[in-house]
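Please keep the model open while you read these notes. Check each point against it as you go.

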Amino acid sequence: MASSIFIKGVLASSGHTNIIITGRTISRIAPDAEPPAGATVIDATNMAALPSFANMHSHAPMTLLRGMGSDQPLQSWLNNYIWPAEQQLDDEAVYWGTRLACLEMIKSGATAFNDMYFRLPAMAQGVADSGIQALLGLNLFGDADELDRYSPTPADGIAYSVAPHSIYTVSTTGLQRAVNFCQKHSMPMHIHMAETIGEVDDCQRLHGCRPFELIDRLGVLEALGPHLIAAHCLHLTESEIQLIGRHGCTVVHCPNSNLKLGSGYRFNMLELEQAGAKVTIGTDGCASSDNLCMLEASKTAILLQKGWRADPAAINAEYIMDIATINGFNTLGIKAGRIAEGWQADMVLVDLNQAAFIPQGNILSHYLYAAHSCSIDTVICRGRILMQNRHVDDEETILANARKTAQRFTV
Ligand SMILES: [Zn+2]
């Protein structure tokens with residue numbers, strides 16, 4: 001028989017209630033629901049149930065490079081710090097970096113993430129041992145020769161994509177090979193797009209067009225549509241917004257990374273969504289963001305929209321929460337992001353016995369604008385408790401090994 005969890009007395013959108021999770025699914029939400037025989041009971045008095053986050057752009061093992069080259073411009077940061085350090089990463093480092101990333105994401109309420117990096121078998125082991133879900137993309141450079149040796153086997157909770165780093169690090173031949181590979185193997189593509197003004201200027205000089213016009217010319221948008229996951233998309237013209245929207249692509253806003261690297265902040269969230277794109281939120285890797293906290297990224301995202309539009313009513317807490325949860329899960333093919341019967345049991349229980357939640361008011365508003373991730377008491381992923389009382393199994397071992405492994409890297 002499937003295992004079950006009984007969450008007692010929790011505050012949900014319908015008021016105080018009980019939630020039954022059977023196997024991986026939220027099977028019942030009702031104030032009069034009784035605990036099934038043998039259920040694990042969570043007393044959630046003074047807690048609220050909210051959907052967990054889907055972090056839609058990260059480079060998980062970069063937790064070990066956190067803070068490296070801090071305060072440098074993007075190209076110097078990549079060329080002089082990050083890429084030399086990455087040469088030194090081996091499987092063991094990638095594994096512990098991924099474990100540290102997963103620990104950090106669980107502690108800040110994410111239960112799925114979309115990543116691009118290398119040494120994917122070591123990453124997959126790290127994800128599997130952490131119990132969360134991931135879409136792992138193989139990073140490609142130049143002519144994408146890495147694809148010759150790419151034949152990953154999807155596992156429970158782990159899917160794979162093709163991840164050309166960007167249009168300025170991958171040749172047009174490489175991009176074409178990548179899109180053919182995606183089509184042949186039914187894989188999504190994950191790429192950095194239109195992140196800086198410099199990238200747009202270089203594209204115009206080299207190819208005589210803007211970044212999205214280039215990948216459109218190469219057939220990427222036509223071939224992939226919603227299966228193209230484009231991170232950043234900061235510097236777009238109106239016609240590029242319409243192009244992205246018409247193909248229903250997923251775009252990932254990474255506000256903290258964009259701000260720290262000085263890449264820009266006028267993300268066209270509403271315009272992209274109105275055009276038909278699916279907007280999601282990501283943290284980016286720890287070397288630029290510098291944490292993997294989706295609550296913090298969501299707060300920055302909503303404040304930026306209000307700020308640059310000079311309109312406090314431009315978007316509300318519910319809107320940004322949907323973007324940070326259900327939109328991301330949807331792109332990942334996971335039916336999560338709602339606390340509702342029949343949905344996958346991915347959720348957080350937030351401790352309301354904290355200053356940020358008094359007076360009680362609108363819980364979602366407090367969660368986004370007032371609270372920090374330390375208010376997250378419990379994290380459930382696919383019907384499995386990954387954190388309770390803010391403790392994750394093995395967290396002491398993960399911290400010790402990640403610390404020890406990180407000491408090896410110097411630039
Ligand atoms: Zn990135």
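The points below go from the domains to single residues.

1. **Ground rules.** This is a predicted model: local features need pLDDT of at least 70, side-chain atom pairs count only at pLDDT 80 or more, and totals for chains, interfaces and linings use all residues. Residues are numbered from 1 along each chain as its sequence is written, and side-chain values use heavy atoms, with hydrogens and water left out.

2. **The interface.** How many residues of domain 1 touch domain 2? The count is 27 residues of domain 1 in contact with 26 residues of domain 2. Contact means heavy atoms within 4.5 Å. The area buried between the domains is about 2,200 Å². Carbon and sulfur atoms give 64% of that area. Buried area is the accessible area (1.4 Å probe) that two parts lose on being put together, summed over both. Ser52, Leu368 and Tyr369 supply 31% of what domain 1 buries against domain 2, more than any other three residues.

3. **Polar links across it.** The rule finds two salt bridges across the interface of domain 1 and domain 2. A salt bridge is a side-chain nitrogen of Lys or Arg within 4 Å of a carboxyl oxygen of Asp or Glu. Eight residue pairs are in polar contact between the domains, both residues at pLDDT 80 or more. A polar contact is a pair of N or O atoms within 3.5 Å; within protein, one must be able to donate a hydrogen and the other to accept it, and residues adjacent in sequence count only if both atoms are side-chain atoms.

4. Look at the side of domain 1 that touches domain 2. Strand S5 (47-51), helix H15 (363-369), strand S15 (376-381) and strand S16 (384-388) each supply at least two residues to that side. H15 gives the most, with five residues. Helices (H or I, at least four residues) and strands (E, at least two) are DSSP runs, numbered from the N terminus. By class, this side of domain 1 has 16 nonpolar, six polar and five charged residues. Here Ala, Val, Leu, Ile, Met, Phe, Trp, Tyr, Cys and Pro count as nonpolar, Asp, Glu, Lys and Arg as charged, and the others, Gly among them, as polar.

5. **Salt bridges overall.** Side chains of opposite charge can pair when their charged atoms come close. The whole structure holds 16 salt bridges. In one of them, Asp156 pairs with Arg24, with the closest N and O atoms 2.5 Å apart. Asp156 lies in the loop between strand S8 (133-140) and strand S9 (158-164), and Arg24 in the loop between strand S2 (15-22) and strand S3 (25-30), so the pair ties together parts 132 residues apart in sequence. Asp156 is exposed, at 52% relative accessible area, while Arg24 is partly exposed at 37%. Buried means under 20% relative accessible area, exposed over 50%, and partly exposed in between (1.4 Å probe, protein chains only).

6. Arg177 and Asp148 meet in a salt bridge (2.7 Å, N to O). Arg177 sits in helix H4 (residues 172-185) and Asp148 in the loop between S8 and S9, 29 residues apart. Arg177 is partly exposed at 29%, and Asp148 is exposed at 56%. Shared partners join Arg24, Asp156 and Arg382 into one network of salt bridges.

7. **Helix H3.** Which residues of H3 (residues 120-130) are buried? They are Leu120, Ala122, Met123, Ala124, Gly126, Val127 and Ser130. Their cover includes helix H2 (91-107), strand S7 (110-117), S8, S9 and S16. Just after H3, Gly131 takes a positive phi of about 85 degrees.

8. **Two buried residues.** Cys293 is in the loop between helix H11 (286-289) and helix H12 (294-309). Cys293 is buried, at 10% relative accessibility. Leaving aside neighbours within four places in sequence, Cys293 is in contact with Ser108, Thr283 and Ser373. Ser288 lies in helix H11 and is buried, at 2%. With the neighbours within four places again left aside, Ser288 is in contact with Trp77, Asn256, Ser257, Lys260 and Leu261.
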